[in-house]
Amino acid sequence: MCGLPADRRALPLTDARNLPWPDSVVQAVITSPPYWGQRDYGFDHQIGIEPTWPEYVDALVEVGREVRRVLRPDGCLWLNIGDTFNTRTVIRPSSHQAGLGHDNESTRLSWAEARDRGLVRYSARQPAMKDKDLMLLPMRVAAALVDDGWWLRCDVIWSKPWGAPENAPDRPSRYHEYIFMLTPTAKTKFYKDRCPEAARSVWEFPVGVGGDHRAVFPDELVRRCVTLSTDPGDVVADPFAGSGTTPRVAESMDRIGWGQDGAPSEHYR
Ligand SMILES: C[S@@+](CC[C@H](N)C(=O)[O-])C[C@H]1O[C@@H](n2cnc3c(N)ncnc32)[C@H](O)[C@@H]1O
């Protein structure tokens, strides 16, 4: 294939709204953008710390346009997004930021410090939300992508046998996330028979583990999406690659794995 980067394992560092890849070459994008209002990754143009949720949705629609540019017409976008509740919250630093660790109490920001750095979320200023509402952000993003021309072919529920404990006493604890299957056209490469464990829309496996880079994909999630929607030799890419799970797993399955991220990750190899 001409026009592809010679060193496909290099990790370009660009905004996901301006991807470093040519048009119409990627067979599957398997990705998880930052969830809204949860992490400060510590760099300009990061997605996820927009002051309001509609700005976050708009940012992901822009990413979606860029993903559609690089996807082949029969390609597929697997989009994993977590939800959150409409509460007043301090946005925590990510381990991207040298010297900071979100599990280290001594480096946690106070409300006043976080507010001065623009790293707080106010429930009161979120349009169309009441305090404590589940925000339905995955659905709002999916609906906005459909409005922008995508086909939403399936919502997969990723059921987690265990996860971070939630301490809300007045509602059930949530142990699932969504993985949306979105396509740029109505006709997609798809091999349901190759992956019987993924043929139904509820997938169960634990969260990923990997260094101190949080929100790492489980290898199994990537393996299922690759098996369902690509052939050996196809390009599989992740514009929010983080620790590089998608390209690593894709290459282990004889696909061409591309990753890129807005910030370097010391765990990407
Ligand atoms: C949830 S993590 C992805 C983790 C990844 N799935 C893994 O297995 O390690 C989200 C990533 O998005 C990156 N990010 C945030 N804003 C970005 C932007 N505007 N463009 C590209 N990457 C961005 C962060 O640096 C972070 O690595």
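I started with β1 (26-31). I see β1 and strand β3 (residues 71-81) pairing in the parallel sense over five bridges. For the record, strands pair here if DSSP finds at least two bridges between them, and helices (H or I, at least four residues) and strands (E, at least two) are DSSP runs, numbered from the N terminus.

Ground rules before going on. This is a predicted model, where local features need pLDDT of at least 70, side-chain atom pairs count only at pLDDT 80 or more, and totals for chains, interfaces and linings use all residues. Residue numbers start from 1 along each chain as its sequence is written.

**Strand partners.** I looked up individual bridges next. V26 has L71 as its bridge partner in β3, and T31 stands opposite L79 in β3. β1 also runs parallel to β10, joined to it by two bridges; there A28 has V236 as its bridge partner.

**Whole sheet.** Which order do the seven strands of the open sheet take? I read β9-β7-β8-β3-β1-β10-β11, with mixed pairing. β9 (202-204) and β11 each have a single partner strand and stand at the edges, so one side of each lacks a neighbour in the sheet. From one strand to the next, the twist averages 20°.

Is β1 mostly covered or mostly open? It is mostly covered, as six of its six residues are buried. A residue is buried if 20 or more other C-beta atoms lie within 10 Å of its own, exposed if 12 or fewer, and partly exposed in between, with C-beta atoms placed from the backbone. Over the 269 residues of the protein chain, 35% count as buried.

Contact means C-beta atoms, placed from the backbone, within 7 Å.

**Helix α5.** In α5 (residues 245-252), I find T245, T246, P247, V249 and A250 buried. What do the buried residues of α5 pack against? They pack against β1, α4 (219-229), β10 (235-238) and β11 (256-259). α5 lies across β1, β10 and β11, at about 175° to β11; axes are lines fitted to C-alpha atoms, for helices over the stretch in contact, and angles run from 0 to 180 degrees between N-to-C directions. After α5 comes D254, with a positive phi near 65°.

**Ligand shell.** Of the 22 residues around the ligand, F240, G242, S243, T245 and G262 come nearest.

**A198.** Last stop: A198 is in the loop between β8 (176-183) and β9. A198 is partly exposed, with 18 other C-beta atoms within 10 Å. Setting aside its neighbours within four places in sequence, A198 is in contact with W203, R224 and L228.

Methods:
Near = placed C-beta within 6 Å. Contact = placed C-beta atoms within 7 Å.
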